[in-house]
Amino acid sequence: NKNYVIFGKNGAGKTTLLKQISVNFFKNSTVIPANRNVNPVNSEFISYHSNYTLNKMLEDNNALFYLVRMMRNKDLDSWHGGIAFNNTLTNKFYNIFSSLCIDREVVNNEEFLYLKGKNISEYSLVDGSDGEKSIVYIILATLLAPKDSFLFIDEPERHLNGALMRNLFDKLEDARPDLRFVYLTHITDFIESRKNVELIYLEKTSVYKQWSFKKINDYKEISIDVFLSIE
C-alpha cells in the first residue's frame with residue numbers, strides 16, 4: 001500500500017531499470033517517460049491511430065492530441081452508460097488543473113484544449129509553456145491509466161517548480177488511490193515531497209543492466225554523501 005521513489009545520480013541506470021521492469025515484470029503498467037512529447041500540433045494534420053495503446057500514445061510526437069481524444073472517447077462511453085458529467089474524466093481533469101493555482105483555466109473544445117487567465121485572452125495549448133503542456137500531459141496520463149495498475153514516472157519534476165510539483169502529485173495520488181506510483185528522480189526536493197513511500201537509492205555500477213541498491217526507511221536517513229552525489 002505504498003508508492004515508490006527510486007533515486008540516484010545521473011548515470012545510475014534509472015531509465016534503463018525503468019524500461020527493464022516495466023516491460024518484463026509489470027505488464028499492467030503505464031510509463032510516463034522523461035522525454036515527454038509536449039509539442040501539440042494542429043489536429044487537422046494528424047491521423048488518429050485507434051490501435052495505439054496508452055504507452056504508445058505517450059511516446060508519440062502528438063501525444064497530447066491522442067490523450068485528449070482518448071479522454072473524449074471514454075467520456076462518450078460514460079455518457080452512454082448514464083454517468084453524470086461530474087464523474088467524467090474531463091471534469092476530473094478540469095478540477096485537478098484548476099486546483100493547481102496557476103491562474104489558468106481549461107477551455108472546452110471538442111478536438112483540443114485552450115487555456116485562459118483572468119486577464120489573459122484565450123490561447124491554444126500549442127502556444128502554452130513547457131510547464132503548462134507537461135502538466136496537461138501528466139494529468140491526462142494518470143487519469144487514463146488502467147485501474148489497479150502501476151504508473152512509472154521518469155523525472156516527475158521536469159518543467160515544474162517546487163510548489164507546483166508537490167501540489168500536482170499530491171492531487172494525482174489523491175485522484176488515483178488505486179494506482180501504485182513509482183517515481184524515478186535525482187531531485188532531493190521531490191524525494192522529500194512524497195509521503196507514505198518506499199525510498200530506493202540506486203547506486204552506480206560499472207556493468208550495464210546490473211544494479212546495486214539499498215532501501216532507506218525515511219528521507220531524514222539519507223546521508224550527506226548520497227545528497228552530494230545526486231545533487
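The crossing of H5 and H6 is right-handed, in what is a predicted model throughout. The axes of helix H5 (residues 130–144) and helix H6 (residues 162–175) come within 11 Å of each other and cross at roughly 15°. Because angles under 35 degrees count as roughly parallel, H5 is described as roughly parallel to H6. On the H5 side the contact is formed by Ile135, Ile138, Ile139 and Thr142, which meet Leu164, Leu168, Phe169 and Leu172 of H6. Sorted by class, the residues in the contact of H5 with H6 comprise seven nonpolar, one polar and no charged.

H5 also packs against helix H4 (residues 89–98), here at an angle of about 140° and with the axes 10 Å apart. That angle makes H4 oblique to H5, and the crossing of these two helices is right-handed. H4 contributes Leu89, Lys92, Phe93, Ile96 and Phe97 to the contact, while H5 contributes Ile135, Val136, Ile139, Leu140, Leu143 and Leu144. The residues of the contact of H4 with H5 divide into ten nonpolar, no polar and one charged. Ile135 and Ile139 of H5 are listed in the contact with H6 and are listed again in the contact with H4.

| Pocket | Volume | Lining by class |
|---|---|---|
| Largest pocket | about 320 Å³ | six nonpolar, five polar and four charged residues |
| Second largest pocket | about 270 Å³ | twelve nonpolar, no polar and two charged residues |

Which residues lie nearest the centre of the largest pocket? They are Lys19, Ser22, Val31, Pro33 and Glu59, out of the 15 residues that line this pocket. Helix H1 (14–24), strand E2 (29–32) and helix H2 (54–59) each supply at least two residues of that lining, and H1 gives the most, with five residues.

The second largest pocket, with its volume of about 270 Å³, is lined by 14 residues, of which Tyr4, Ile6, Ile21, Val182 and Ile200 are the closest to its centre. At least two lining residues come from each of strand E1 (3–7), H1, strand E6 (150–154), strand E7 (180–185) and strand E8 (197–203).

Definitions and conventions. Residues are numbered from 1 along each chain as its sequence is written. This is a predicted model: local features need pLDDT of at least 70, side-chain atom pairs count only at pLDDT 80 or more; totals for chains, interfaces and linings use all residues. Side-chain values use heavy atoms; hydrogens and water are left out. On a 1 Å grid over the protein atoms alone, a cavity is a set of points where a 1.4 Å probe fits but cannot get out, and a pocket is an open set with protein on both sides within 12 Å along at least five of seven lines; lining residues have an atom within 4 Å of a point. Grid points are joined across faces, edges and corners, and a volume is the space filled by probe spheres set on the points. Helices (H or I, at least four residues) and strands (E, at least two) are DSSP runs, numbered from the N terminus. Ala, Val, Leu, Ile, Met, Phe, Trp, Tyr, Cys and Pro count as nonpolar, Asp, Glu, Lys and Arg as charged, and the others, Gly among them, as polar. Axes are lines fitted to C-alpha atoms, for helices over the stretch in contact, and angles run from 0 to 180 degrees between N-to-C directions. Angles under 35 degrees count as roughly parallel, over 145 as roughly antiparallel, 65 to 115 as roughly perpendicular and the rest as oblique. A crossing is left-handed if the near helix is turned anticlockwise from the far one by less than a right angle, and right-handed if clockwise. Contact means heavy atoms within 4.5 Å.
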